[in-house]
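Reader: I have this chain open on my screen and would like to talk it through with you. Could you start with whatever term I need before we get to the core?

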Amino acid sequence: MRVLHIAPLQPQCLAKGQASVTECAMSKYAILLSGPIEKTPRLIKQLSNARVIAADGGMAHAASLGLSHELWVGDFDSTPMALADHWHNGPCQTHPVPKD
């Protein structure tokens, strides 16, 4: 089992100086999942100014799409070590591997 650094989550939109918590809550979110994606102009446009959450292997798409993540969640049981090493300083929530 790999253990990644767990850091408290502070909404980046507040850190970027948006006017209020309400404005922060109304932000656009993108959730990166594992699996194939095609980098297209439409995808890039849809991801612009989005707050990014990556789920498990979806983090692999962050670099190729030029995104920084606000949170990385998962059990990380199949996360490649190179991916974990590259993103080890970012905010992360680890969840148990066993599922119901």
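Author: A nonpolar core is a set of buried Ala, Val, Leu, Ile, Met, Phe, Trp, Tyr and Cys residues joined through side-chain atoms within 4.5 Å. Buried means under 20% relative accessible area, exposed means over 50%, and partly exposed lies in between, with a 1.4 Å probe and protein chains only. This is a predicted model, in which local features need pLDDT of at least 70 and side-chain atom pairs count only at pLDDT 80 or more, while totals for chains, interfaces and linings use all residues. Residues are numbered from 1 along each chain as its sequence is written, and side-chain values use heavy atoms, with hydrogens and water left out.

Reader: Okay, which residues have the most contacts inside the largest nonpolar core?

Author: That core has 15 residues, and those with the most contacts inside it are Leu32, Met59, Leu67, Trp72 and Trp87. The elements that give two or more residues to this core are β1 (29-32) and β2 (51-55), where helices (H or I, at least four residues) and strands (E, at least two) are DSSP runs numbered from the N terminus.

Reader: And what does Leu67 touch?

Author: Leaving aside residues up to four places away in sequence, Leu67 touches Leu32, Leu47, Val52, Ala62 and Trp87, a contact being heavy atoms within 4.5 Å.

Reader: Let's move to the sheet, then. What is the order of the strands?

Author: The sheet is open, with four strands in the order β1-β2-β3-β4 and parallel pairing; two strands pair if DSSP finds at least two bridges between them. The edge strands are β1 and β4, each of which pairs on one side only. On average, neighbouring strands of this sheet are turned by 20° against each other, direction ignored, using axes fitted as lines to C-alpha atoms (for helices over the stretch in contact) and angles from 0 to 180 degrees between N-to-C directions.

Reader: How many bridges join β1 to β2, and how many join β2 to β3?

Author: Four bridges join β1 to β2, and Ile31 stands opposite Ile53 in β2. Three bridges join β2 to β3, which covers residues 71-74, and there Ala54 stands opposite Trp72.

Reader: What about β3 and β4, how do they pair, and which way does the chain cross between them?

Author: They pair in the parallel sense over three bridges, with β4 covering residues 92-94, and Gly74 stands opposite Thr94. From β3 the chain passes through helix α5 (residues 81-86) to β4 in a right-handed β-α-β crossover, right-handed meaning that, with the strands pointing away from the viewer, the path from the first strand over the helix to the second runs clockwise.
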